[in-house]
Amino acid sequence: MTLAIVLAADPAAGHLTEPGRPAGEPLTERLAAQWRRAGADDVRIAADLTELADLVAAATGPVLVSGADLVAHTAVLKHLATSPVGPTVALVLTDPPAPGQATVREERGQVVEVDAVDATGVFGGALRVGAADLPALADAARRAAGAAPDAPDARLTDPASAPGVGATDGGPRNAVDRLVADLAARGTLIFAQRVRLLVAHRVGDEAQRAAAEAAVAAVDEDRAELKLSVKERDDFFTTFFVSTWSPYVTKAAARIGIGPTGVTMVSVAFAVAAAVLFGVGGRPALVAGAVLLYLGFVLDCVDGQLARYTRHFSAWGGWLDTMADRFKEYVVYAGLGFGATHAGFRYGWALALAAMTLQTVRHMTDTWYGALHDEAARRPKVVTADAGGIGGKLNAASTRVQADTGSVSYWLKRTVVFPIGERWALIAIAAALFGPLVALVAVLVWGTLAFAYTGGLRTLRARWMRVPVMATVDAGLHRDDGVLARTLPTTRRPLLLAVLGALGAAGTLVWALLAVHGGGDLPVFVPVLALVLLLGAAQASRAPHDGSLDWLVPAALRAAEYLFAIAVGVAGRAPAWLIFGYVLVLTLHHYDLTARLEKRQSAPPLHAATLGWPGRSLLLAIGLIAGYASIALATLGAYLLVVFVASVVLAWVVLPARARGGVRSPG
């Protein structure tokens, strides 16, 4: 249950009146009614911080808090109440701060500092606090209540008004601003909810209230919400060739009652159909496949736009969207690989495997670099000796380019990294005009160049940031080590060992390709040596991952496992489609882990049953040495697929149903 509290203790609350009401009566009732329309289950008006603390202490779900000086569209409050970015979210405005209002500095969507010298906005007087942060909110309210905000020594008695988190103008701190300042000072992770297209202002007198209400009335709320369903910043192809008309599809889907999950499923069907057509070959089929692929990508954008427009967010929907995106792309690679092979190119499946492996490893670096950047944003800025070095200069240059939206350099930066829109556009155009082989080669060439570009720049910037992000999470889980790794002795240098394991697997694959091409067999000592290197990498499972580049470890381990599995398949002369299928199952398992990392969720229910990458690699090596590589790939792949499906059912159907006391499908 969501509780909304309107705090009537702010200085402005006593100066705002409703037309036709007695002078001096506060506008708290208006905000209370808006919170109800925004979806709050229970709405209370708290006279002061002490009463607010008591209400928060009794709450069991998220709590919405606002002062009595906020004039805004109801949609603004609804967006704050339903924001999917995190449990605790603060409204951030671009208005100039009034006396007593807190300014904030935000990075990557997080409020990283309150009352910073280089503030990027002003606190909007409203926030949503997640259940885990309610004790901190209640304590902040009690501590703030102990200091009279208008007392001369309030800065000395109120911890929320301590240096660095107090009012920058020297005036009395508004009550709700003291709460957000105290939460930030405690290190609470607070995300920022910016206001675009809609209107929200904090007002201090009748003239400001009238002006704000006029601004609210001048905006078509529904039209603005439809525009807001489109991401503020997206990639070039998506921005100019999809988002220009996809909102109309979003509006139609909302009217007929199709949910985001339904749109996702239709998008998957379009991608699968496109893959089939790419495999069939022939110009009409290739052109039709390209059109379906484009339409599937449009629907891939529409499902997110529909979720934002209708405010129907769920952990299940976010997880499904992430998994569906990767499945669709890799099924298309499979169709292209089959089509290229069917057209007479011997190594069509090999190119598809290479594209899938490259893209997965790239995504692993993207995920962990994002986590690294988020962690760096939350930490205090420390001036280091190399602040003016190449890493610092690259960081400053990147910030300038990102701020210059619409410039040529901005679009080049967003395009050169080869995002999903550009990948799907390239596949569609190349396949329709030149065929599956050219499409796969084009994806591999651009993908490799993009990986080299982003990898090099991110490595330099990560060395400058010096944030050991993997030390802040369960490294063993996200390494996907399994039981075998935990039984091995511990060795340090996790990144070096992971890279050596990947190089050993790559060398084994090259040797296997040369041996099979020459009509011979892979010597037994080669996979054994590669396995030794892999198990050496597994020994770093319990070692501290506190290096500035250790965020690369998961990607290196993914590369090591995939390359070794492909080498086993090649050396054992397994069918190419079987090798592709096995690696595809592995990617689903690993994307499940990264999706859970991004959504801040725990491990999958059956994660221990997946054996870990060292255990899986050991079983494949035994199968190769015994002469049953194909059977090993098929059996282990089928087993992992069953475990994955069972884990999904448990995580999203069975366990939530038990928690609710009934049986319902995720929605």
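The side chains of arginine 196 and glutamate 232 meet in a salt bridge, at 3.5 Å from N to O. A salt bridge here is a side-chain nitrogen of Lys or Arg within 4 Å of a carboxyl oxygen of Asp or Glu. Arginine 196 lies in the loop between strand S9 (190-194) and strand S10 (200-202), and glutamate 232 in the loop between helix H8 (221-228) and helix H9 (236-241), so the pair ties together parts 36 residues apart in sequence. Arginine 196 is partly exposed, at 28% relative accessibility. Glutamate 232 is exposed, at 57%. Buried stands for under 20% relative accessible area, exposed for over 50%, and partly exposed for values in between (1.4 Å probe, protein chains only).

The model is predicted; local features need pLDDT of at least 70, side-chain atom pairs count only at pLDDT 80 or more, and totals for chains, interfaces and linings use all residues. Residues are numbered from 1 along each chain as its sequence is written, and side-chain values use heavy atoms, with hydrogens and water left out.

The chain has 26 helices and 10 strands. These are DSSP runs numbered from the N terminus (helices: H or I, at least four residues; strands: E, at least two). Buried residues make up 53% of the 667 residues. The chain exposes about 27800 Å², and carbon and sulfur atoms supply 65% of that area. Accessible areas come from the Shrake-Rupley method with a 1.4 Å probe; for residues, only the protein chains shown count as cover.

The whole structure holds 28 salt bridges. Glutamate 206 and arginine 209 meet at 2.7 Å, N to O. Both belong to helix H7 (residues 206-217), 3 residues apart, about one turn of the helix. Glutamate 206 is partly exposed at 28%, whereas arginine 209 is buried at 7%. In helix H24 (residues 576-598), arginine 596 and aspartate 592 are 4 residues apart, about one turn. Their closest N and O atoms are 3.1 Å apart, in a salt bridge. Arginine 596 is buried at 7%, and aspartate 592 is buried at 3%.

Aromatic rings were examined next. Rings of Phe, Tyr and Trp (its six-membered ring) pair if their centres lie within 6.5 Å; planes under 30 degrees apart count as stacked, over 60 as edge-to-face and the rest as tilted. The count comes to 21 aromatic pairs. Tryptophan 511 and phenylalanine 525 form an edge-to-face pair, 5.5 Å centre to centre with 85° between the planes. Tryptophan 511 sits in helix H21 (residues 494-517) and phenylalanine 525 in helix H22 (residues 525-538), 14 residues apart. Tryptophan 511 is partly exposed at 39%; phenylalanine 525 is exposed at 52%. Elsewhere, ring pairs link a cluster that includes Phe236, Trp245, Tyr294 and Trp424.

Strand S1 (residues 3-7) is mostly covered, with 5 of its 5 residues buried. Leu3, Ile5 and Leu7 point one way, and Ala4 and Val6 the other. S1 pairs in the parallel sense with strand S2 (residues 42-46) over 5 bridges. Strands pair if DSSP finds at least two bridges between them. Isoleucine 5 has arginine 44 as its bridge partner in S2. S1 also pairs in the parallel sense with strand S3 (residues 63-67), over 5 bridges. There, the bridge partner of leucine 3 is valine 63.
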